[in-house]
Amino acid sequence: MAEDDDLVRRCLKGRTEAMRELVERFQPDVFAVCVRLLRHQQDAEDVAQEVFLRVFRSLKGWDSARPLRPWILGITVNRCRTWMGKRARLPDSVEYLHDVPARPDEQPADELTLGIRAAVDSLRDEYREVFVLFHEQGQCYEEIAAALERPVGTVKTWLHRGRTLVLADLRRRGLAEPDLQPKTPP
Amino acid sequence: MNPFAREFGPEPSASPECAAFLERVQIALDGEAALGSVFELPHAEECADCRQTALAAQRLQCSIVPPVELPVGLAERILERAIDDRRIRIRTRWFSAASLATLAAGAVIGTLLVWPNSQPKPDSSTEIVALPPKEPSPAIANPPRFDERMADAGTAIASISRNAKDQTVTPTRNFIPQAPTTISPEMPSNLEPAAESIAEIPQNARSGIEPVTSTTRRAVNLFLRDTGVSPATKPKS
């Protein structure tokens with residue numbers, strides 16, 4: 001917390017090295033969340049830049065009693081929502097999403113990874129947000145609740161419902177066959 | 001009702017045992033228990049659906065989330081854009097402050113310039129007729145001064161008053177007794193009057209000189225008023 005406070009104070013003074021430190025510390029999480037929520041590489045890059053612009057503009061309003069990471073992830077989720085809203089209003093949004101591959105530079109993933117990703121992508125936005133923040137970003141319930149500005153109980157409910165749907169999707173895809181069952185502990 | 005059923009609602013085909021099993025799966029996925037422990041439950045052997053769900057949860061938990069590869073130069077682009085944005089915001093803030101100050105200064109200067117000339121304008125409905133130009137008169141060339149005019153008026157009034165006084169007082173000067181201005185102590189107190197009183201002359205003669213006496217009395221009063229000496233007692237006519 002004190003480290004975050006010091007970093008923010010230096011950023012507010014306009015020190016370039018502090019701004020660089022903040023970007024390099026949080027850009028993997030920000031960009032990963034953008035990619036997982038937007039499902040588009042170029043959009044994720046654009047939104048990630050907007051997220052950091054918004055972060056630097058709003059640093060004065062950051063509550064130093066709260067950790068910095070959930071605050072930045074909250075901004076990230078909000079910017080992704082705004083971007084998805086804009087994209088949904090485009091007349092050719094469907095063709096746009098189909099024409100552009102989600103991860104053009106990525107190596108082909110295995111069947112299980114693709115199945116999980118497809119199942120998560122099919123979730124509604126709130127479930128996908130909490131699923132990504134919990135399972136892919138390693139955020140706890142309290143941090144997700146702080147980022148989304150929702151009660152912990154709501155976050156927990158969304159995550160459990162999302163998990164139930166993902167598990168059902170994995171079963172439907174045949175990715176939970178008994179021959180894949182691991183050995184139970186003795 | 002167990003917490004899982006309270007959160008997700010009762011499923012039509014889910015038995016209480018299934019709901020309890022799925023709740024254990026959720027708890028394990030939350031990281032509060034080992035997921036392998038759910039396979040030891042008797043319900044995992046009894047219910048194929050729940051066992052498959054537990055297997056899917058295990059696959060989900062064990063699946064390695066591939067790290068998202070960052071685009072090359074993303075940090076540099078973000079930093080460059082953030083610095084530009086900060087510079088623009090600072091410049092905009094200064095420009096706004098300068099604009100505000102300029103506006104305020106302009107308002108003050110405008111007020112100062114307009115205020116002395118704020119005289120009532122002629123009625124626009126009145127027809128303005130252009131008069132022929134007049135040649136300047138000598139009086140206008142040397143405009144009269146107020147103090148000089150007042151001094152002339154005072155002199156004229158004083159001369160008129162002096163003439164009236166002279167015309168009144170001079171004919172009646174003989175009626176004024178020639179009394180010594182200084183009274184010596186050795187002089188007798190009971191002196192004979194220099195002339196007789198008008199009241200002692202006969203009535204006919206008195207009526208004949210009545211206008212003269214009235215005029216004289218008025219003139220004496222005016223004279224005494226002009227000289228600043230008020231008579232102790234008014235003469236009885």
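Begin by selecting Cys34(A), Ala48(A), Val130(A) and Leu170(A), which touch the most other members among the 65 residues of the largest nonpolar core. A nonpolar core here is a set of buried Ala, Val, Leu, Ile, Met, Phe, Trp, Tyr and Cys residues joined through C-beta atoms within 7 Å. A residue is buried if 20 or more other C-beta atoms lie within 10 Å of its own, exposed if 12 or fewer, and partly exposed in between, with C-beta atoms placed from the backbone. Helix 2 (residues 16-38) of chain A supplies the largest share of this core, 11 residues. Helices (H or I, at least four residues) and strands (E, at least two) are DSSP runs, numbered from the N terminus.

The model is predicted: local features need pLDDT of at least 70, side-chain atom pairs count only at pLDDT 80 or more, and totals for chains, interfaces and linings use all residues. Residues are numbered from 1 along each chain as its sequence is written, while chains are lettered from A and ligands numbered from 1 in the order in which they are written.

**The two chains**

Colour the model by chain. Chain A has nine helices and zero strands, and 37% of its 186 residues are buried. Chain B likewise comes to nine helices and zero strands, but buried residues make up 11% of its 237 residues. Two residues are in contact if their C-beta atoms, placed from the backbone, lie within 7 Å.

**Where the chains meet**

Next, display the contact of the chains, which takes 40 residues from chain A and 32 residues from chain B. On the chain A side, the elements giving two or more residues are helix 2, helix 3, helix 6 (111-121) and helix 9 (152-172). Helix 2 of chain A gives the most, with 10 residues. By class, this side of chain A has 21 nonpolar, 10 polar and nine charged residues. For these classes, Ala, Val, Leu, Ile, Met, Phe, Trp, Tyr, Cys and Pro count as nonpolar, Asp, Glu, Lys and Arg as charged, and the others, Gly among them, as polar.

Within this region, select helix 3 (residues 41-58) of chain A and helix 5 (residues 74-114) of chain B, whose axes come within 9 Å and cross at roughly 40°. Axes are lines fitted to C-alpha atoms, for helices over the stretch in contact, and angles run from 0 to 180 degrees between N-to-C directions. The two helices are therefore oblique to each other; angles under 35 degrees count as roughly parallel, over 145 as roughly antiparallel, 65 to 115 as roughly perpendicular and the rest as oblique. Helix 3 of chain A contributes Glu45(A), Ala48(A), Gln49(A), Phe52(A), Leu53(A) and Phe56(A), and helix 5 of chain B contributes Leu74(B), Arg77(B), Ile78(B), Arg81(B), Ala82(B), Asp85(B) and Arg86(B). This contact has seven nonpolar, one polar and five charged residues.

Return to Ala48(A): not counting residues up to four places away in sequence, Ala48(A) touches Gln27(A), Val30(A), Phe31(A), Cys34(A), Leu74(B) and Ile78(B).

Select Tyr127(A) in helix 7 (residues 125-136) of chain A. Tyr127(A) is buried, with 21 other C-beta atoms within 10 Å. Leaving aside neighbours within four places in sequence, Tyr127(A) is in contact with Trp158(A), Arg161(A) and Gly162(A). The C-alpha atoms of Tyr127(A) and Leu159(A) are 5.9 Å apart, although the two residues are 32 apart in sequence.

Continue to Gly138(A), in the loop between helix 7 and helix 8 of chain A. Gly138(A) counts as exposed, with 11 C-beta neighbours inside 10 Å.

**Helices 8 and 9**

Now show helix 8 (residues 141-148) and helix 9 of chain A, which pack at an angle of about 105° with their axes 9 Å apart. Helix 8 of chain A is thus roughly perpendicular to helix 9 of chain A. Tyr141(A), Glu142(A), Ile144(A), Ala145(A) and Leu148(A) of helix 8 meet Val152(A), Val155(A) and Lys156(A) of helix 9.

**Two positive phi values**

Finish with two loop residues. Glu149(A), in the loop between helix 8 and helix 9 of chain A, has a positive phi of about 55° although it is not a glycine. Glu149(A) is exposed, with 10 other C-beta atoms within 10 Å. Arg39(A), in the loop between helix 2 and helix 3 of chain A, has a positive phi near 60°. With 19 C-beta neighbours inside 10 Å, Arg39(A) counts as partly exposed.
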